[in-house]
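Please keep the viewer at hand as you go.

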Amino acid sequence: MKCPVCGSTKFFLKDPADEYETYEFNLENGQPVFLGEPQELQRDTESFCQRCSWHGHWEEICPR
């Protein structure tokens with residue numbers, strides 16, 4: 001479970017109500033570990049790679 005483009009395990013989410021508010025997380029043992037307050041991830045939650053320009057749905061990183 002990593003970025004499909006660059007292999008990074010560091011991602012972030014944008015707050016749907018405020019696009020400038022972000023929530024960073026790392027993938028550890030297939031689970032998201034948030035650096036701040038944990039957020040709920042749905043299959044269609046848009047996630048952004050911190051290393052490259054990839055972004056897509058959570059299910060693309062962690063298909064379960």
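Two strands count as paired if DSSP finds at least two bridges between them. Helices (H or I, at least four residues) and strands (E, at least two) are DSSP runs, numbered from the N terminus.

Some ground rules come next. This is a predicted model, in which local features need pLDDT of at least 70 and side-chain atom pairs count only at pLDDT 80 or more, while totals for chains, interfaces and linings use all residues. Residues are numbered from 1 along each chain as its sequence is written, and side-chain values use heavy atoms, with hydrogens and water left out.

As for confidence, pLDDT is the predictor's own score for each residue, from 0 to 100. The chain averages 90, and 97% of the residues score at least 70. Among the elements of the chain, β4 has the highest mean pLDDT (94) and α1 the lowest (84).

**The sheet**

Five strands make up an open sheet in the order β3-β2-β1-β4-β5, and the pairing is antiparallel. At the edges are β3 (31–34) and β5 (55–57), each of which pairs on one side only. Neighbouring strands are turned by 40° against each other on average, direction ignored; here axes are lines fitted to C-alpha atoms, for helices over the stretch in contact, and angles run from 0 to 180 degrees between N-to-C directions.

| Strand pair | Sense | Bridges |
|---|---|---|
| β1 and β2 | antiparallel | six bridges |
| β2 and β3 | antiparallel | four bridges |
| β1 and β4 | antiparallel | two bridges |
| β4 and β5 | antiparallel | three bridges |

K10 has N26 in β2 as its bridge partner, L27 stands opposite P32 in β3, and S47 stands opposite G56 in β5.

**Two hairpins**

Through two residues, a hairpin joins β1 to β2. The hairpin of β2 and β3 also has two residues between the strands, and there N29 takes a positive phi near 55°. For context, most residues other than glycine have a negative phi. How buried or exposed is N29? With a relative accessible area of 80%, N29 is exposed (buried means under 20% relative accessible area, exposed over 50%, partly exposed in between, with a 1.4 Å probe and protein chains only).

**Aromatic rings**

Rings of Phe, Tyr and Trp (its six-membered ring) pair if their centres lie within 6.5 Å; planes under 30 degrees apart count as stacked, over 60 as edge-to-face and the rest as tilted. By this rule the model has five aromatic pairs. F11 and W54 form an edge-to-face pair, 6.2 Å centre to centre with 80° between the planes. F11 lies in strand β1 (residues 10–15) and W54 in the loop between β4 and β5, so this pair ties together parts that are 43 residues apart in sequence. F11 is buried, at a relative accessible area of 0%, and W54 is buried as well, at 11%.

The rings of F25 and F34 have centres 5.1 Å apart and planes at 40°, so this pair is tilted. Both of these residues are buried. Ring pairs link F11, F25, F34, W54 and W58 into a cluster.

**Charges**

K14 lies over the face of F48, at 4.8 Å from the ring centre. The rule asks for NZ of Lys or CZ of Arg within 6 Å of the ring centre and within 35 degrees of the ring normal.

A salt bridge is a side-chain nitrogen of Lys or Arg within 4 Å of a carboxyl oxygen of Asp or Glu, and by this rule the count is one. Which side chains meet in the salt bridge? They are those of E59 and R43, at 2.6 Å from N to O. The pair links distant parts of the chain, with E59 in helix α1 (residues 58–61) and R43 in the loop between β3 and β4, 16 residues apart. E59 is partly exposed, with a relative accessible area of 30%.

The loop between β3 and β4 is also the place of D44. D44 is exposed, with a relative accessible area of 54%. Its C-alpha atom is separated by 17 Å from that of E24, 20 residues apart along the chain.
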